[in-house]
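Subject: Handing over the two-chain model

Hello,

Here is the structure I promised to pass on to you.

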Amino acid sequence: MSALKARALRKAYGALEVVGGLDLDVAAGECFGLLGPNGAGKTTTLRLCLGLTHPDAGEIQLLGEPVPARAREARQRVGVVPQFDNLDPDFTVAENLLVYGRYFGMAPRAIEAKLAGLLEFAGLAGREDARINTLSGGMKRRLTLARALVNDPQLLFMDEPTTGLDPQARHLIWERLRRLTQEGKTLVLTTHFMEEAERLCHRLAIMDRGRLIAAGTPRELIAAHIEPQVLEVHGNGADAWMERVRNLAGRVERAGDSVFVYAADVAPVLASLAGQSELAYLHRPASLEDVFLKLTGRDLRD
Amino acid sequence: MRWIAIWRRNFLVWRKLVIASVLSNLADPLIMLFGLGYGLGALLPSVEGMSYIAFFAAGTLCSATMFTASFESMFSGFSRMYGQKTWDAILYAPLTIDDIVAGEIMWSASKAWLSGATILAVAAVFGLAASPLVVLTLPVAFLVGLAFAAVGLVMTVLAKNWDFFSFYMTLIMTPMTMISGVFFPVEQLPRPVLMVAQALPLYHGVELVRPLVAGRMPTNIAIHLLVLLAYAAAGYAAAIMIARRRFSA
């Protein structure tokens, strides 16, 4: 069953087309990642799917409800973790959850009954009376995640759920998100951390300039779009070396003071590095990040 | 009735800070009331058949209600909308910007009503509002609160930054307070200025409240109520229209 379906979605702000003819399909129970550089249209796509922004054209079905026509009914069964925390600073941890549950029309007793479970999930048991401004960034993120779960949603939208977190906090969030997929919830997340996408997502779509440019499982994307081996080389003389190996194997790319060689077999290139003590190199398998950079380019987006 | 969840959220925050909040809403008007009322009032003969302080108490009831409604819907509302992004969080739930606008206006009007009611209670304790008719000032105070909450929220959803509100405060609210019969009878005003006052909501609140405080039924009740209701309804409609554009563009 399809949890989220979008067809020919378009949204422009003045002359700037932010989403330009987007099709999306997210199956129930999967973790779907929307990747893209800054300004690719990821956040606007999420807002369109939630019915918060009205599309110029296109159709959206969220949990079987047409959006934006019946966005309110759809949101009743959806949770949202926004890119920037907007917890209520006037309330404690527990009050944030209680007040938020009321927005879904839940009875106070029903929310109170869920409180202990949500606090445990967020790793905030015993902190229910803490003020929001005393929480660390990771704690706030987890509380925002718990808040998004207060109505026991079938589908969760997350906009860059681990941006700005330290590795410990990030791993804890990942562990919790895996737990949610095991419980059968559908997750739709945007990210520009390839590692996050590779670890969490069953399926990915890479988006740039408002359009989908590739979609599939992380392995499919790597297999389809990039050579399996990568050699990164940098140091004095890298330029001269690059000219020599250009015809030895695969694709050679230059970024800053580094040279990247992509190939099915990098052995001849590796051999040419022997005795080049000035050059440092890293030989590794191709990753999603290589796919991302190949498809969206290395130019800065800001 | 989904707006009640938003009203309730604001009420719960207010309950935590109730003493500071009530004090800040009442300190200013009460200092003015007793300072000017007794100090200046001692120099004045009775005004419209009342002591000056009773005359001024009726005006203060209205102006305090107006200021509380305006401050809450503009400064506190803007902080919730812009600073804290509380509205954004509410919009992920099955609530809409229309619910938020309604909840915010009802909340600001409620808080304003409390200011008006407290001024009335203080006036009653000092024997300035002895007639049973003063009870009727309570619904009027709510209506004044509603009118200014709605207009204030229009300013909030239009505002790009905090400075925006100073224009409304300085250029509209302060002069309106001067010409609406809060401090002195409007008969003192030149005719064109009086006509300006009559087009604004505060004048109509004062015209309803002052006779009631003096123990008389007001005249032209329907017109006064209608103007206040019109400001509330027009403000509500405009705030929704502008907020929709701001939030779902």
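Predicted model: local features only at pLDDT ≥ 70, side-chain atom pairs only at ≥ 80, totals over all residues.

Chain B as a whole

The C-alpha trace of chain B spans about 60 × 40 × 30 Å along its principal axes. Of its 249 residues, 49% count as buried. Among the contacts in chain B with a separation of 6 or more, 78% are between residues 24 or more positions apart.

Helix α1 of chain B runs over residues 4-16. From the first C-alpha to the last, these 13 residues reach 18 Å, close to the 18 Å expected at 1.5 Å a residue. Which residues of α1(B) are buried? They are B:Ala5, B:Ile6, B:Arg9, B:Asn10 and B:Val13. These residues cover an arc of only 140 degrees around the axis, which puts them on the same side of α1(B). The buried residues of α1(B) pack against α4 (86-92) and α5 (97-125) of chain B, together with α3 (93-103) of chain A.

Helix α9 of chain B, residues 201-214, has 14 residues and reaches 21 Å from its first C-alpha to its last, close to the 20 Å expected at 1.5 Å a residue. How many of the residues of α9(B) are buried? The count is 14 of 14, and the helix is described as mostly covered. After α9(B) comes B:Gly215, with a positive phi near 95 degrees.

Where the chains meet

The contact between the chains takes 19 residues from chain B and 17 residues from chain A. On the side of chain B that touches chain A, α1 and α4 of chain B each supply at least two residues. The largest share of that side, six residues, comes from α4(B).

Chain A: a sheet and one residue

Chain A has an open sheet of four strands in the order β2-β1-β4-β5, with antiparallel pairing. β2 (16-27) and β5 (65-67) of chain A stand at the edges, each with a single partner strand, so one side of each is left without a neighbour in the sheet. On average, neighbouring strands of this sheet are turned by 20 degrees against each other, direction ignored. Strand β4 of chain A (residues 57-62) pairs with β5(A) in the antiparallel sense over three bridges. Within this pair, A:Gln61 has A:Pro66 in β5(A) as its bridge partner.

Elsewhere in chain A, A:Glu232 lies in strand β11 (residues 229-235). A:Glu232 counts as partly exposed because it has 14 C-beta neighbours inside 10 Å. Leaving aside neighbours within four places in sequence, A:Glu232 is in contact with A:Ser258, A:Phe260, A:Tyr281 and A:Leu282. A:Trp174 is 58 residues from A:Glu232 in sequence and 29 Å from it in space, C-alpha to C-alpha.

Best wishes

Key: Residues numbered from 1 in each chain as written. Chains lettered and ligands numbered in written order. Pairing = 2+ DSSP bridges. Axes fitted to C-alpha atoms, helices over the stretch in contact; angles between N-to-C directions. Buried ≥ 20, exposed ≤ 12 C-beta atoms within 10 Å, placed from the backbone. Contact = placed C-beta atoms within 7 Å. Expected span 1.5 Å × (residues − 1). Arc of directions from axis to C-beta.
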